Amino acid sequence: MKTIKYTDIVNKTKELALEANFNLPKDVYNALLEAKEKETSPLGKSVIEIVLKNARVAKEEQLAICQDTGVVVVFAEIGQDVRIEGGLLADAINEGVRQAYEEGYLRKSVISDPVERINTADNTPAVIHFSLVEGDQLHLTLAPKGFGSENMSRLKMFKPTDDIELIKNFIVDTVVEAGGNPCPPIIMGIGLGGTMEKAGLLAKKALFRKIGSKHPKKHLAELEEELLILINKTGVGPQGFGGSQTALAVFIEEFPTHIAGLPVAVNLNCHAARHAEAIL
Amino acid sequence: MQKLATPLSDVTFLRAGDLVSISGIIYTARDVAHKRLIHLINNGEPLPFDLDGAIIYYVGPCPAKPGRPIGSAGPTTSSRMDVLTAPLLKQGLKGMIGKGGRSAEVITAIKKHGAVYFAAVGGAGALISQHIKDSEIIAYPELGTEAIRRLVVEDFPVIVAIDSMGNNLYEHGPMT
């Protein structure tokens with residue numbers, strides 16, 4: 001049994017929230033560098049150049065990469081042998097978010113009630129997904145999720161007899177209909193299977209895989225690769241201005257599902273694919 | 001690169017794909033502020049700023065760090081403002097800055113009123129904020145980031161996305 005202090009979780013969450021908002025992950029930066037080289041449209045190339053420069057300025061000046069500093073999504077994987085001392089885990093995460101958004105001069109975008117729409121003024125609560133795992137560690141993955149791309153995400157319950165081509169079309173159409181809104185070049189998370197909410201969660205989780213990584217199952221790794229090619233053939237391009245670089249990566253996460261169905265969730269992330277993680 | 005100063009007069013010479021740098025005063029407004037402006041227009045009440053020749057920037061900036069006028073300030077998705085745009089163009093609004101495509105209704109209104117829709121690069125808010133030299137809330141401070149701000153901008157970089165002829169960068173690519 002390991003004890004983790006409430007205040008340590010607060011401090012680590014705060015650190016992750018600041019880091020995620022100011023420093024674009026290296027794999028994303030490198031993928032953008034590569035996309036700039038590959039982009040066939042001169043305008044698209046210059047857009048990616050601006051995006052890269054923005055990432056450098058944000059890092060140097062410790063400014064938010066994007067003013068939409070998002071709803072904070074946290075995946076908290078708690079080892080079964082962990083005991084948290086001094087308060088609730090969710091409270092600690094929210095306190096860390098509150099401190100980071102205040103002290104980091106980050107935008108507060110969260111409203112308390114979807115109908116009444118009153119700003120909570122501290123960007124809490126975070127959307128936290130807890131899971132129990134083996135061991136005595138707490139693994140936190142934090143992602144400020146902007147809504148330009150979140151609003152363009154979709155979910156559809158397919159029939160078990162539907163051809164895989166229909167599913168591919170649904171995914172590609174999602175990108176085409178989104179156009180410039182989700183700030184391409186995007187990263188795509190696809191959740192296949194499970195139930196309605198499980199598919200959405202898988203899609204979200206998929207967004208934070210390392211760029212360059214492949215799905216361990218061969219047929220799904222091939223599907224990821226094929227979808228990326230199809231999406232980059234749409235011509236949507238950087239910012240929707242046309243071009244060959246519409247997506248940087250397509251990641252699939254899957255889960256067993258019911259004989260009667262096939263839930264498919266498509267979650268989009270902008271090029272400012274911010275996330276940070278730590279183990280306590 | 002075309003240089004424009006505010007307030008705008010004739011913008012019919014601009015073409016989709018043109019790179020433009022704007023200097024002068026622009027106003028911020030997004031979802032809720034638009035709803036309130038439309039409400040004022042419908043009731044014949046005065047607006048918080050003069051729309052004649054004005055540019056509205058769809059943005060919800062980050063708070064300013066000490067010593068800076070504003071935090072990161074990139075464009076938000078323009079299509080959310082589509083149903084609230086035509087009445088503002090009718091009142092003299094000449095330019096809009098945002099990101100992403102616009103509805104057929106907005107494009108028709110842009111053509112009718114000889115206006116222009118500019119795109120700024122979404123997700124480049126840190127860089128864009130360096131072109132904002134001053135920021136002052138002029139209406140609805142209770143809306144926080146969604147308040148209407150008067151921004152003084154210098155060489156603010158945008159691209160013509162929909163011109164006064166209805167040419168649309170998102171549909172057809174650059175004209176030039």
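Let me begin with chain A, where 55% of the 280 residues count as buried, and let me say at once that what we are looking at is a predicted model.

Chain A contains eight helices and ten strands. Its radius of gyration is 19 Å, close to the 19 Å that the globule rule gives for 280 residues, so chain A is as compact as a globular protein of that length. If we follow the C-alpha trace of chain A along its principal axes, the spans come to about 55 × 50 × 40 Å. When we take the contacts in chain A between residues at least 6 apart in sequence, we find that 81% of them join residues at least 24 apart. The accessible surface of this chain is about 12,400 Å², and carbon and sulfur atoms account for 55% of that area.

Now let us turn to chain B, which has five helices and seven strands, arranged from the N terminus on as β-β-α-β-α-β-α-β-α-β-β-α. The radius of gyration here is 15 Å, close to the 16 Å that the globule rule gives for 176 residues, and so chain B, too, is as compact as a globular protein of its length. The C-alpha trace of chain B spans about 40 × 40 × 25 Å along its principal axes, and 59% of its 176 residues are buried.

Finally, a word on charge. Chain A carries 31 positive and 37 negative side chains, with the centres of the two sets 3 Å apart, while chain B carries 17 positive and 16 negative side chains, whose centres lie 4 Å apart.

Technical notes: Residues numbered from 1 in each chain as written. Chains lettered and ligands numbered in written order. Predicted model: local features only at pLDDT ≥ 70, side-chain atom pairs only at ≥ 80, totals over all residues. Heavy atoms only, no water. Helix = DSSP H or I, 4+ residues; strand = E, 2+ residues; numbered from the N terminus. Rg over C-alpha atoms; globule rule 2.2 N^0.38 Å. Buried < 20%, exposed > 50% of the residue type's maximum accessible area, 1.4 Å probe, protein only. Lys, Arg positive; Asp, Glu negative; His and termini not counted. Charge placed at Lys NZ, Arg CZ, Asp CG, Glu CD. Contact = heavy atoms within 4.5 Å. Areas by Shrake-Rupley, 256 points an atom, 1.4 Å probe, with all protein chains shown as cover.
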